[in-house]
Amino acid sequence: MSTGNMNLTLKVWRQKDNKAKGNLVDYKISEISPDMSFLEMFDVLNEQLINKGEEPVVFDHDCREGICGACSMYINGRPHGPKEGVTTCQLHMRSFKDGDTIVVEPWRAKAFPVIKDLTVDRTAFDRIIAAGGFISVNTGNAQDANALPIPKFQADLAFEAAACIGCGACVATCKNASAMLFTSAKISQLALLPQGQPERYRRVQSMVAQMDAEGFGNCTNTGACEAECPKGISLENIARMNRDFYSAKFVSEEEV
């Protein structure tokens with residue numbers, strides 16, 4: 001009697017480091033439950049490789065709940081795989097069929113160099129945040145909750161922008177390897193709130209400059225980033241960032 005488990009062929013990118021030449025390696029894996037997550041399937045693969053005395057596949061993961069943004073696999077030509085609105089760790093094997101061949105690659109972008117196998121260096125995102133993705137405030141007691149009234153519409157937009165988990169799927173899927181969706185989300189989550197106004201124009205100039213310095217490409221409004229983003233971050237954030245960036249040219253040096 002069939003158990004409903006699957007036998008699959010994996011074509012996994014193996015690469016020693018960012019200077020070595022990588023290649024796709026075939027692995028046969030059997031008795032995979034459709035209720036497993038994609039990362040649990042890789043756990044099974046790695047356990048088999050270790051038992052054979054082979055080196056396991058290196059891949060990023062942390063929370064496995066779609067929150068941290070660590071998991072980053074390009075699965076059958078799409079970041080995070082075939083399902084919309086999910087990260088790799090939320091992708092279940094029932095999205096595939098028995099006998100399928102699954103190609104798994106790392107994010108591919110100049111600004112995301114391969115560390116090993118499926119793991120890439122995404123510290124470029126950290127440097128963009130460090131360039132201005134914060135507000136400068138004195139420490140002390142927190143203000144009362146109602147001290148800064150914020151319209152619900154604005155609060156909702158800020159919350160939606162803040163949902164970005166920094167996974168890098170937008171960069172991986174963009175033909176230009178642009179980070180404008182990520183950068184604009186981090187700018188918008190502050191630009192939409194009163195707390196973000198004092199440094200609004202300095203912030204956008206600094207973060208865009210850092211984004212360019214990291215080697216990310218520019219946006220050509222294809223929209224692949226929004227379509228593949230697991231959190232559905234809107235292209236409207238890019239438009240807002242562009243408006244702020246050009247507005248900053250007309251703000252005095254004292255204000256910037």
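Helices here are DSSP runs of H or I with at least four residues, numbered from the N terminus. The model is predicted, so local features need pLDDT of at least 70 and side-chain atom pairs count only at pLDDT 80 or more, while totals for chains, interfaces and linings use all residues. Residues are numbered from 1 along each chain as its sequence is written, and side-chain values use heavy atoms, with hydrogens and water left out.

**View A. Lining of the largest cavity.** Helix H4 (169–173) and helix H5 (180–191) each supply at least two residues of this lining. H5 gives the most, with three residues. A cavity is a set of points, on a 1 Å grid over the protein atoms alone, where a 1.4 Å probe fits but cannot get out; lining residues have an atom within 4 Å of a point. In total 14 residues line the largest cavity, and nearest its centre lie Cys-164, Gly-166, Cys-167, Cys-170 and Cys-229. By class, 12 of the lining residues are nonpolar, two are polar and none is charged. Nonpolar covers Ala, Val, Leu, Ile, Met, Phe, Trp, Tyr, Cys and Pro; charged covers Asp, Glu, Lys and Arg; the others, Gly among them, are polar.

**View B. Helix H3 against H5.** Helix H3 (residues 152–162) packs on H5 at an angle of about 150°, with the axes 8 Å apart. Axes are lines fitted to C-alpha atoms over the stretch in contact, and angles run from 0 to 180 degrees between N-to-C directions. H3 and H5 are therefore roughly antiparallel, a term for angles over 145 degrees, whereas 65 to 115 counts as roughly perpendicular. The contact (heavy atoms within 4.5 Å) joins Ala-158, Ala-161 and Ala-162 of H3 to Ala-185, Lys-186, Ser-188 and Gln-189 of H5. Four of these residues are nonpolar, two polar and one charged.

**View C. Helix H5 against H6.** The axes of H5 and H6 lie 11 Å apart at an angle of about 165°. These two helices are therefore roughly antiparallel. H5 contributes Met-180, Thr-183, Lys-186, Ile-187, Leu-190 and Ala-191 to the contact, and H6 contributes Arg-200, Arg-203, Val-204, Met-207 and Met-211. The classes are seven nonpolar, one polar and three charged.

**View D. Helix H6 against H8.** Helix H6 (residues 200–213) and helix H8 (residues 236–247) pack at about 105°, with axes 9 Å apart. H6 and H8 are therefore roughly perpendicular. Arg-200, Tyr-201, Val-204, Gln-205 and Val-208 of H6 meet Met-241, Asp-244, Phe-245 and Ser-247 of H8. This contact has five nonpolar, two polar and two charged residues.

Definitions and conventions. 1 Å grid on protein atoms, 1.4 Å probe; cavity = no way out; pocket = protein on both sides within 12 Å on 5 of 7 lines; lining within 4 Å. Parallel < 35°, antiparallel > 145°, perpendicular 65-115°, else oblique.
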